[in-house]
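Notes follow in the order I checked them.

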Amino acid sequence: MAVISAVDAVKTYESGSKTVRALAGVDIAVDPGEFVAIVGPSGSGKSTLLNLLGLLDEPTAGRVVVDGSPASELSTRERTDLRRRTVGFVFQSFFLVPTLTARENVAVPGLVRGDRADLLDRTADLLDRVGLGDRGDHYPNELSGGQKQRVAIARSLVNDPEIVLADEPTGNLDHDTGAQVLDVFDDVAADGVPILAVTHDEQVTEYADRTVRLVDGRIESP
Ligand code: ADP
């Protein structure tokens with residue numbers, strides 16, 4: 001069963017007197033273990049699709065199903081809970097808290113969730129997994145861009161999500177550092193947690209299992 005899917009998803013925005021159709025009927029399903037790249041020109045609807053699949057926004061028409069739950073049938077509260085339980089996020093500019101160590105940054109979503117019993121162990125395991133077992137006490141300004149993004153990936157995994165959504169994850173990284181981050185994504189996907197990354201970066205598509213191209217709010221046929 002797909003971890004996350006959109007069925008004929010449409011999203012329109014009212015902007016003054018004009019209606020902008022950001023998504024014009026998109027079908028996509030991501031299965032466990034897949035690393036999927038979403039590419040397309042600026043304005044083609046990539047961020048809009050990521051926001052729908054990440055339960056940050058709702059489609060104007062069509063359906064989004066996350067972990068078996070049709071998002072439209074949930075209250076706002078239920079949708080937020082579902083998002084916290086099932087979706088990890090990774091962003092282009094990392095969004096680490098500068099006054100917290102790497103270890104503390106990874107732990108933050110676990111604190112919000114309130115299930116703290118094994119949080120320290122889990123945080124240490126995740127830092128090991130992204131190759132930063134010896135950097136837990138470092139602050140973000142003591143880490144390279146690639147290390148920061150690997151901390152962010154560890155953080156995205158702390159609540160055992162069903163999927164990780166990434167917005168331009170290599171956008172602030174050079175080629176070699178980007179490769180290290182993409183290796184981590186490959187490992188995470190191989191361990192069963194699928195990755196869906198929106199990107200302009202050709203390098204991401206080289207690591208992804210498949211690439212979906214959006215043009216004018218539609219998926220271009222292969
Ligand atoms: P991409 O991520 O591929 O650059 P977006 O999903 O950001 O594309 O945008 C798709 C289209 O929807 C664009 O035409 C954009 O201007 C429009 N759009 C996105 N968000 C809004 C918004 N909040 N209000 C009005 N128009 C929007």
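**Ligand shell**

I started with which element gives the largest share of the shell around the ligand, and I found α1, with three residues. I am working from a predicted model.

Next I wrote down the residues around the ligand. They are Y13, V20, A22, P41, S42, G43, S44, G45, K46, S47 and T48.

I sorted the shell by class. I got four nonpolar residues, six polar residues and one charged residue.

Which atoms of S44, G45 and K46 come up against ligand oxygens? I took them one at a time.

For S44, I found a backbone N or O atom 3.1 Å from an oxygen atom of the ligand. For G45, a backbone N or O atom also lies 3.1 Å from a ligand oxygen. For K46, I looked at the side chain: one of its N or O atoms is 2.9 Å from an oxygen atom of the ligand.

On its own the ligand has 560 Å² of accessible area, and the protein covers 61% of that.

**Helix packing**

I moved on to the helices. Two packed helices are described by the angle between their axes and the distance between the axes, so I noted both for each pair.

I took α3 (residues 102-113) and α4 (residues 119-129) to begin with. Their axes come within 9 Å and cross at roughly 125°. An angle in that range makes α3 oblique to α4. I recorded the crossing of α3 and α4 as right-handed.

I kept α3 and turned to α5 (residues 145-156). The axes of α3 and α5 come within 7 Å, and they cross at roughly 30°. The cut-off for roughly parallel is under 35 degrees, so I put α3 and α5 down as roughly parallel to each other. α3 passes α5 in a right-handed crossing.

I finished with α5 and α6 (residues 175-190). How far apart are their axes, and at what angle do α5 and α6 pack? I have the axes 8 Å apart and the angle at about 20°. α5 and α6 are therefore roughly parallel to each other. I noted a right-handed crossing where α5 passes α6.

Terms used: Residues are numbered from 1 along each chain as its sequence is written. This is a predicted model: local features need pLDDT of at least 70, side-chain atom pairs count only at pLDDT 80 or more; totals for chains, interfaces and linings use all residues. Side-chain values use heavy atoms; hydrogens and water are left out. A residue is near a molecule or strand if one of its heavy atoms lies within 4 Å of it. A polar contact is a pair of N or O atoms within 3.5 Å; within protein, one must be able to donate a hydrogen and the other to accept it, and residues adjacent in sequence count only if both atoms are side-chain atoms. Accessible areas come from the Shrake-Rupley method with a 1.4 Å probe; for residues, only the protein chains shown count as cover. Helices (H or I, at least four residues) and strands (E, at least two) are DSSP runs, numbered from the N terminus. Ala, Val, Leu, Ile, Met, Phe, Trp, Tyr, Cys and Pro count as nonpolar, Asp, Glu, Lys and Arg as charged, and the others, Gly among them, as polar. Axes are lines fitted to C-alpha atoms, for helices over the stretch in contact, and angles run from 0 to 180 degrees between N-to-C directions. Angles under 35 degrees count as roughly parallel, over 145 as roughly antiparallel, 65 to 115 as roughly perpendicular and the rest as oblique. A crossing is left-handed if the near helix is turned anticlockwise from the far one by less than a right angle, and right-handed if clockwise.
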